Amino acid sequence: MKITYGNSSASVSLVQMVDDHDLEGIENEVAEIRRRTKMDFCLTAIPVQDWNADLSPWPAPAVFGKEGFGSGAADTLAEVLQCCADREKIHIIGGYSLSGLFALWAAHQTDVFQGVAAASPSVWFPGFLDYMRENRIHADSVYLSLGDREEKTRNPVMAAVGERIREANELLVNRGIHTILEWNQGNHFQNADIRTAKAFAWIMEQQKTDLCGKEDGICSLECRR
């Protein structure tokens with residue numbers, strides 16, 4: 001069951017797939033977003049039942065433990081799109097780890113999302129960079145981040161995350177997408193709530209710049225300025 005935070009009538013709609021750990025820090029995340037931007041928003045958090053299956057665009061073998069990855073992303077995206085029916089709003093999809101990867105994949109599937117807030121996304125996922133090369137992302141703005149110790153792991157698949165995210169950033173920049181790659185201190189398991197908040201807030205500020213910087217000075221967003 002989805003959980004909403006903030007102003008349900010706001011023009012900016014944030015969508016995030018979450019697990020129990022994300023929900024533990026979600027209120028702190030919302031507070032951090034508010035600290036970083038004055039724009040009004042509604043965050044819809046959608047709990048995921050099976051993280052590896054429901055957020056994976058295609059099957060892949062396990063990279064740690066014994067649990068592999070499924071191909072439930074298409075069904076999950078159908079659920080997400082039900083939360084984005086109002087096309088008058090600005091819809092931004094984001095998330096942390098595999099949820100961040102799902103957000104990137106989703107923005108290649110549909111033009112509903114104006115921005116993608118991908119914090120420490122699992123771009124090491126087998127075949128994902130090839131998918132990005134072969135397909136077009138529809139979002140205008142993409143935020144990418146990674147912890148500066150995430151690529152320093154003994155797992156050979158996950159150790160590629162640093163190289164992969166640099167490649168993803170370069171690819172998006174070369175295609176004219178407004179993109180930033182930010183490096184955070186620490187490994188993958190530190191400050192997920194703050195990192196995700198930074199991602200959403202950066203995307204929101206780009207939308208404010210694009211839509212509030214009109215010659216007539218009229219703004220269609222609740223910027224509370």
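Predicted model: local features only at pLDDT ≥ 70, side-chain atom pairs only at ≥ 80, totals over all residues.
Modeller: Residues are numbered from 1 along each chain as its sequence is written, and side-chain values use heavy atoms, with hydrogens and water left out.

Colleague: Why is Cys42 called buried?

Modeller: Buried means under 20% relative accessible area, and Cys42 has a relative accessible area of 9%, so the word applies.

Colleague: How do you know how many disulfides there are?

Modeller: A disulfide is a pair of cysteine sulfur atoms within 2.5 Å, and by this rule the count comes to 0. For Cys42, the nearest cysteine sulfur is that of Cys83, 9.5 Å away. The sulfur of Cys83 has its closest cysteine sulfur in Cys84, at 6.1 Å, which is too far for a bond.

Colleague: What makes E2 and E3 a pair of strands?

Modeller: Strands are DSSP runs of E with at least two residues, numbered from the N terminus, and two of them pair if DSSP finds at least two bridges between them. Strand E2 (residues 12–18) and strand E3 (residues 42–47) have 6 bridges, in the parallel sense, so they are a pair. Within this pairing, Leu14 stands opposite Leu43 in E3.

Colleague: What makes E1 and E7 edge strands?

Modeller: The open sheet has 7 strands in the order E1-E3-E2-E4-E5-E6-E7, with mixed pairing. Strand E1 (3–6) and strand E7 (178–184) each have a single partner strand, so one side of each is left without a neighbour in the sheet.

Technical notes
Helix = DSSP H or I, 4+ residues; strand = E, 2+ residues; numbered from the N terminus. Buried < 20%, exposed > 50% of the residue type's maximum accessible area, 1.4 Å probe, protein only.
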